[in-house]
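Biologist: Could you show me the structure, please? I would like to go through it with you.

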Amino acid sequence: MTATIVSAEQRAFTSTPDATTRLLTTVLDAVSDRVLVLDAQGSIVMINAALQQSAWDNSLPLGCLPHHLTLGSNYQDVITGGGQPLEYQAVAQAMLSGIRTVLSGQTDSFSLSYPCHISAQQRWFTMKATPLAWAEQRGVVITHADITPTALVKEALRQGELRFHTLFDSLAHVPIQGYAPDGTVRYWNQASERLYGYTAQQALGANLLDLIVPAEIRAYVEQAIAEMVMTQRPIASAELNLLRQDGTHVSVLSSYAVVQTPGQGIELFSVDTDMTARQQAQDALRESEQRFSSIANATPVMIWLAGTDTLCHWFNAGWLAFTGRTMAQEQGHGWTQGVHPDDLQRCISFYLSHFEQRLPFQMEYRLMHHSGQYRWIHDSGVPRFDAQGEFLGYIGSCVDSHEVRTIKDQLAAMAELVPGVLYQFVLRPGEPWQFNYLSKGVEAFCGVCAELACQDHTVITQLIPQEERLAHHASLAQATRDLVPWLYEHRIKTPQGELKWVRAQATPQAQPDGSVRWTGLLTDITPQKAQEERLRLGASVFDNIQETIIIADAQRVIVDVNAAFTRVTGYTRAEVLGRNPKFLKSGHHSSEFYQTMWQDIDVQGFWIGEVFNRNKAGLVYAVMLNINAVRNDLGQVTHYVGVSTDINQLKLQQEMLERVAHYDALTQLPNRVLLADRLHQAIAQARRNQTKVAVCYLDLDGFKPINDTLGHAIGDGVLKVIAWRMNEVLRASDTAARIGGDEFIVLLSDNEHGDNVRPILDRLLQTINQPIEVNGHQTTVSASIGVSLYPDHACEADTLLRQADIAMYRAKIRGKNCYSFSPSPGHSPSLD
Ligand SMILES: Nc1nc2c(ncn2[C@@H]2O[C@H](COP(=O)(O)OP(=O)(O)OP(=O)(O)O)[C@@H](O)[C@H]2O)c(=O)[nH]1
């Protein structure tokens with residue numbers, strides 16, 4: 001294309017013989033931009049081909065209208081001339097102002113973009129003015145470049161960026177920052193404002209590194225940015241500790257985006273997640289773990305931690321000090337190597353069974369001490385859960401319970417020696433009983449295994465007969481409520497079918513956790529119960545037996561009597577309790593009698609004999625009394641039991657027989673047998689007392705005629721009267737006996753000499769000789785008496801009797817109704 005020269009100025013411009021100018025003109029004609037040159041006055045001195053060509057387009061942009069665009073015309077007139085749309089007038093003024101600044105040398109260039117409607121399409125142009133000098137003239141070269149394609153792209157980008165930022169802004173809670181490779185902030189959303197404290201206005205244009213990157217990580221951030229710029233790819237997310245405006249730190253997780261923006265180069269975006277809360281939680285957790293670990297390591301208690309896989313992964317210093325092993329050795333299953341082989345199986349299965357159910361547990365096992373000795377430890381494990389209830393594993397604490405266990409074993413051994421069963425169980429509201437301890441005695445006593453009973457209380461409770469169980473449980477529940485010592489007797493039926501009586505005594509104690517712990521003793525009272533049964537039976541016999549029973553204590557004070565006692569004696573039980581039984585004395589026995597009786601009881605433990613007692617009514621009765629001393633295990637007398645059998649009838653019968661044997665049935669005077677006894681006693685007494693006994697042989701005179709005339713019955717009556725009269729004149733110590741027919745013997749004891757008996761003999765003769773009336777029949781008899789004296793006439797009873805008999809005949813011979821003494825030895829019989 002060739003430049004068109006249309007004026008003198010144009011000619012002057014083009015006539016310059018400067019090859020450079022020509023070259024320039026040629027170049028200007030070759031470019032597609034619209035170019036025109038103004039001189040210092042603003043007149044058009046050159047128009048290139050593109051502008052020339054476009055001058056024919058009715059829709060030329062501003063300043064290019066063809067009817068104005070002529071060489072030599074003033075450019076100001078061209079672009080401010082009439083017919084231009086109103087919206088262009090401001091643009092035209094701006095253009096002129098810029099051109100003037102260039103022409104005046106104030107600036108090296110001026111550019112302005114402006115829209116322009118061509119054929120109803122909006123297009124974008126950039127007007128640029130740069131100074132130009134030629135042939136000692138100065139001017140300005142103006143280009144109008146159609147930048148519509150570039151503008152469209154930029155607009156699209158701007159719209160895209162707008163949407164991008166709108167999207168960012170809509171992420172109100174996500175802090176996002178956009179920045180240039182040099183750190184200049186280009187985007188700063190509201191979330192960033194909240195997080196870092198800088199407003200968008202403060203942040204935009206500032207350097208991100210200066211705003212929020214602490215000095216200590218600045219080099220790292222710079223390097224990261226450089227890497228992203230170089231690779232045009234984001235680096236991996238990083239956790240950074242950044243600064244807020246107020247100087248505090250904030251922990252963020254930064255994710256990055258690298259955006260290649262046409263015209264703006266690389267733009268970087270950081271998308272931050274505030275990690276402060278998580279960091280604080282992590283810090284708190286770490287601190288808590290550190291605190292736990294320092295506390296756990298400071299305590300002498302041995303502590304272990306297990307994860308959800310049942311494996312122990314941590315042991316405190318106390319544990320490691322105990323075992324003398326390293327953490328690595330103990331972790332996993334390592335710790336089980338230290339458990340005593342006898343305890344291992346029990347220990348593991350106990351641990352696993354509780355672990356499976358997430359239950360707390362307590363167990364004891366022997367663990368190898370670093371000294372090489374096994375020691376008992378008490379291990380308490382509890383499940384761990386996080387705040388959301390998620391199971392985390394177990395934590396366990398152990399204490400060296402060796403000494404305690406040793407004492408416990410000793411106590412258990414002692415407990416085995418205690419008769420009965422020592423036990424302890426715990427009652428928790430709403431839970432079944434739990435036996436903590438049962439001494440081994442339960443196996444012999446109840447026939448059940450102590451360990452099984454500790455696992456399941458029904459092993460014990462089901463031993464109680466069904467019909468007694470309710471009352472037993474109610475009694476126990478009452479004592480649990482009242483917290484008072486409990487004493488209860490009940491039966492059990494052992495698995496072997498044995499029925500036993502149990503005395504359960506225990507003390508309930510309230511525990512801080514709301515449970516009640518019972519500690520007590522079960523005693524086998526089967527023998528006592530059998531004894532009680534026997535006693536009950538005995539008591540029944542006691543009250544129903546015919547014999548009277550008196551029970552006295554060791555001081556011989558009555559503590560009980562039976563019903564027969566009251567029936568026989570007339571005394572009620574209340575009247576005699578607390579009294580000595582001696583009030584029953586009849587007076588028939590001497591004090592020696594009783595002394596002997598008690599001596600026998602004390603020495604041989606019993607006494608049996610006949611005793612005359614006196615009842616409440618004053619009557620004497622005979623009993624066969626059996627007194628037994630009851631002694632305790634120490635041999636001390638605790639009670640006396642007297643059992644009396646009423647022998648009154650027997651006694652009467654005996655007396656009757658005795659009387660028959662010793663007394664004359666008609667006159668009731670002693671007979672010959674009793675006389676012989678009395679005579680021997682009288683002789684013995686006289687011998688002791690140096691006195692004399694007179695043996696008087698008395699025979700009635702003329703009795704036969706009474707029988708013969710009045711009859712035998714009257715004769716009997718006479719004999720009875722005579723007997724009665726004889727006793728009337730005799731002393732109590734004397735004896736009148738009938739030895740047959742009308743013959744009597746009178747013994748006069750304790751006479752100082754023979755003459756002392758004469759008055760008595762006289763009174764005898766006199767009283768016998770008194771008239772007698774029997775059944776209306778009057779009669780009279782007399783008596784002849786022969787007297788022998790002990791020891792004057794003889795010392796033997798028979799001799800004395802014989803001599804008295806002889807003397808009596810002498811009295812008969814002397815005429816009857818008189819007495820005659822036996823002659824003294826060596827003397828001739830006399831009739832005195
Ligand atoms: N009624 C009665 N008579 C008796 C009883 N026992 C003996 N006789 C009688 O007593 C008499 C005793 O005899 P004698 O002593 O010879 O009679 P006597 O008339 O007293 O004679 P002398 O002694 O010589 O004075 C006999 O006739 C007996 O039959 C008795 O129990 N009752």
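**Domain record and selected regions**

Modeller: UniProt, in an unreviewed entry, lists residues 182-232 and 541-580 under "domain: PAS". Please keep in mind that this is a predicted model.

Biologist: How far apart are the end C-alpha atoms of residues 541-580, and how much of the span is helix and strand?

Modeller: The end C-alpha atoms of residues 541-580 are 24 Å apart.

Biologist: Which order do the strands take in the open sheet of five strands?

Modeller: The order is β22-β21-β25-β24-β23, and the pairing is antiparallel. β22 (558-561) and β23 (606-614) are the edge strands, each pairing on one side only. On average, neighbouring strands of this sheet are turned by 25 degrees against each other, direction ignored.

Biologist: Which helix packs on the sheet?

Modeller: That is α23, residues 591-604, which touches β23 and β24 (620-631). The direction of α23 makes about 155 degrees with that of β23.

Biologist: And how many bridges are there between β21 and β22?

Modeller: Three bridges pair strand β21 (residues 548-553) with β22 in the antiparallel sense. In β22, aspartate 560 is the bridge partner of isoleucine 551.

Biologist: Let us change topic to β1. Why is strand β1 described as largely enclosed by the rest of the structure?

Modeller: Strand β1 covers residues 34-39, and six of its six residues are buried, so it is largely enclosed by the rest of the structure. Arg34, Leu36 and Leu38 are buried on one side, and Val35, Val37 and Asp39 are buried on the other, so that both faces of β1 are covered.

Biologist: Which strands pair with β1?

Modeller: Strand β5 (residues 137-146) runs antiparallel to β1 and is joined to it by six bridges. Valine 37 has valine 141 in β5 as its bridge partner. Strand β2 (residues 44-47) also pairs with β1 in the antiparallel sense, over three bridges. There, the bridge partner of leucine 36 is isoleucine 47.

Biologist: What lies between β1 and β2 in their hairpin?

Modeller: Four residues lie between the two strands, and glycine 42 in this hairpin takes a positive phi near 95 degrees.

Biologist: One last topic, the ligand. Which residues come nearest?

Modeller: Of the 14 residues around the ligand, the nearest are Phe703, Lys704, His712, Gly715 and Gly741. β26 (692-701), α26 (704-710) and α27 (712-729) are the elements that give two or more residues to this shell.

Biologist: Which element gives the most, and how is the shell divided by class?

Modeller: α27 gives the most, with four residues. By class, the shell has four nonpolar, five polar and five charged residues.

Definitions and conventions:
Residues are numbered from 1 along each chain as its sequence is written. This is a predicted model: local features need pLDDT of at least 70, side-chain atom pairs count only at pLDDT 80 or more; totals for chains, interfaces and linings use all residues. Two strands pair if DSSP finds at least two bridges between them. Axes are lines fitted to C-alpha atoms, for helices over the stretch in contact, and angles run from 0 to 180 degrees between N-to-C directions. Two residues are in contact if their C-beta atoms, placed from the backbone, lie within 7 Å. A residue is near a molecule or strand if its C-beta atom, placed from the backbone, lies within 6 Å of it. Ala, Val, Leu, Ile, Met, Phe, Trp, Tyr, Cys and Pro count as nonpolar, Asp, Glu, Lys and Arg as charged, and the others, Gly among them, as polar. UniProt positions are given in the numbering used here, feature names are shortened, and annotations may be inferred rather than shown by experiment. A residue is buried if 20 or more other C-beta atoms lie within 10 Å of its own, exposed if 12 or fewer, and partly exposed in between; C-beta atoms are placed from the backbone.
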